[in-house]
Amino acid sequence: MEKKTLAYWQDKAATLSIEGRAFIDGAYRDAYSGRTFDCVSPIDARVLASVADCGAADVDAAVAAARRAFDAQVWAGLNPRARKSVLLRWAALMREHLDELALLETLDAGKPIGDTTTVDVPGAAYCVQWFAEAIDKIGGEVAPADHHLVGLVTREPIGVVAAVVPWNFPILMASWKFGPALAAGNSVVLKPSEKSPLTAIRVAQLAHEAGIPAGVFNVLPGGGEPGKLLALHRDVDCLAFTGSTGVGKQIMQYAGQSNLKRVWLELGGKSPNIVLPDCPDLDRAANAAASAIFYNMGEMCTAGSRLLVHRDIKDVFLAKLVEAARQYVPGNPLDPKTSMGAIVDKIQLERVLSYIEAGRKEAKLLLGGDRVNESSGGFYLQPTVFDTHHDSKIAREEIFGPVLSVITFSTIDEAVRIANDTDYGLAAAVWTANLTHAHDIARRLRAGTVWVNCYDEGGDMNFPFGGFKESGNGRDKSLHALEKYTELKSTLVRLR
Ligand code: NAP
Ligand code: MG
């Protein structure tokens with residue numbers, strides 16, 4: 001088998017042809033306005049492609065196509081088995097095009113190729129497969145009722161689903177929306193982030209090849225505008241969003257100002273990772289604490305960005321943590337050996353650097369703090385660790401970059417209080433050998449996912465994923481995700 005080296009990926013990148021048009025009603029199209037924007041690689045600031053900058057006319061065309069397809073029942077009206085076959089073909093095509101899709105994702109978002117080939121693209125294909133396999137196995141209910149009635153409780157597709165997604169896991173986060181939404185029979189209009197539109201655009205062609213009918217799956221690249229227009233659109237029945245809490249709040253308002261479309265939000269986080277003195281394995285905990293914040297350059301909604309360490313083990317644990325953090329060396333994401341790629345763009349780089357500046361003033365820098373590899377033209381940051389206190393800016397706000405805040409505590413109650421003293425509630429972790437403490441703390445942590453003696457485990461689709469509080473509502477992944485894309489209907493039939 002050919003060894004996939006840096007040279008292999010560079011050669012492939014040099015000859016890659018990149019599609020930048022929107023995909024509407026079964027075909028690639030330029031934006032109606034003719035406008036485009038430059039899609040820039042964070043690896044070296046090279047322009048990868050001109051991408052359609054969609055506006056109101058494109059949004060209307062995509063929503064109208066999605067509605068026509070839905071009303072004609074070309075997808076929703078199929079036997080679920082038939083939808084399953086098409087979606088399984090689509091998943092297979094994503095796997096056949098693994099290298100191309102992973103390369104696009106790496107070039108566009110700066111993620112290491114070792115991750116896009118093993119996590120992002122296979123994960124998206126698996127998500128489509130998983131929901132496809134589920135859809136012909138679940139049915140409705142016959143509810144208890146008066147003897148002269150038959151009462152059916154069924155789930156029906158909601159109609160036109162708009163999915164607005166972020167740039168940190170571009171195709172994976174998109175698949176968590178379009179997988180269940182399409183499996184349930186809806187039409188989908190997908191709006192990728194302006195920072196990372198390329199894989200979404202490419203998989204639309206594969207959807208078409210797999211047999212998804214025209215209008216059922218549309219992709220609208222563009223700046224914030226198409227997202228806002230979709231959220232305000234009166235003919236969009238559901239808006240599924242992953243992104244920042246600020247934009248999530250606006251989207252709820254847009255729904256209120258328009259047609260009360262269903263709004264599902266997967267938002268930000270500032271997740272606590274608590275290490276108790278009886279942690280069963282400090283080396284493993286240190287490695288996991290580093291990967292919790294430095295994997296994917298810290299561009300993780302579930303990032304363990306607050307490390308809460310008990311006073312008694314602080315010195316020994318921080319020494320191990322800094323050692324583990326040094327394994328993350330920013331480098332060319334096209335090199336399979338690279339563990340840490342580029343920050344997605346210059347705006348995000350500067351945002352993270354401004355937090356590091358704030359940290360230098362209010363906290364003690366233990367590691368990193370600088371931009372590196374600047375001569376490449378790309379946007380690279382060192383893994384950065386601050387020893388700080390719970391009320392500092394860097395410990396309270398979501399940075400969405402490779403910056404860890406270490407906070408010291410003395411008692412379990414104090415740790416739980418600090419952990420929960422945030423507007424977010426996406427994820428949390430605790431490390432302890434004491435079973436009672438593990439369960440008790442897990443129960444008290446206000447978060448959608450709690451890990452005990454691990455972090456970020458459970459990559460398969462069986463666990464609902466989402467947040468408490470301002471980390472959002474509804475859940476991606478698992479059979480529960482299908483509920484978001486259906487309406488419940490009661491049908492009562494009088495027999496006599
Ligand atoms: P973002 O700025 O909120 O953008 C998310 C998406 O919304 C993008 O497609 C964006 O388009 C679009 N958008 C921007 N303004 C909009 C508006 N007024 N109305 C409608 N749509 C609008 O978030 P991001 O910077 O891409 O992603 C980082 C955030 O996502 C972090 O807060 C992170 O925690 C969160 N996140 C959460 C999860 C989760 O599952 N909970 C997963 C991943 C990321 P443009 O980019 O083209 O402007
Ligand atoms: Mg990009």
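Three elements, α8 (224-232), β10 (238-242) and α9 (245-257), each supply at least two residues of the shell around ligand 1, where helices (H or I, at least four residues) and strands (E, at least two) are DSSP runs numbered from the N terminus. Among the contributors to this shell, α9 gives the most, with four residues. This is a predicted model, in which local features need pLDDT of at least 70 and side-chain atom pairs count only at pLDDT 80 or more, while totals for chains, interfaces and linings use all residues. Residues are numbered from 1 along each chain as its sequence is written, chains are lettered from A and ligands numbered from 1 in the order in which they are written, and side-chain values use heavy atoms, with hydrogens and water left out.

In total, 31 residues surround ligand 1, and the closest are V165, K191, S244, L267 and E398; a residue is near the ligand if one of its heavy atoms lies within 4 Å of it. Sorted by class, the shell has 15 nonpolar, eleven polar and five charged residues, with Ala, Val, Leu, Ile, Met, Phe, Trp, Tyr, Cys and Pro counted as nonpolar, Asp, Glu, Lys and Arg as charged, and the others, Gly among them, as polar.

Polar contacts (pairs of N or O atoms within 3.5 Å) include one in which an N or O atom in the side chain of K191 is 2.8 Å from an oxygen atom of ligand 1. Taken alone, ligand 1 exposes 900 Å², and the protein buries 88% of that, by the Shrake-Rupley method with a 1.4 Å probe.

The chain is divided into domain 1 (6-267) and domain 2 (272-461), with bounds from an automatic or database domain assignment, and the shell around ligand 1 draws at least three residues from each of them.

Note on methods
A polar contact is a pair of N or O atoms within 3.5 Å; within protein, one must be able to donate a hydrogen and the other to accept it, and residues adjacent in sequence count only if both atoms are side-chain atoms.
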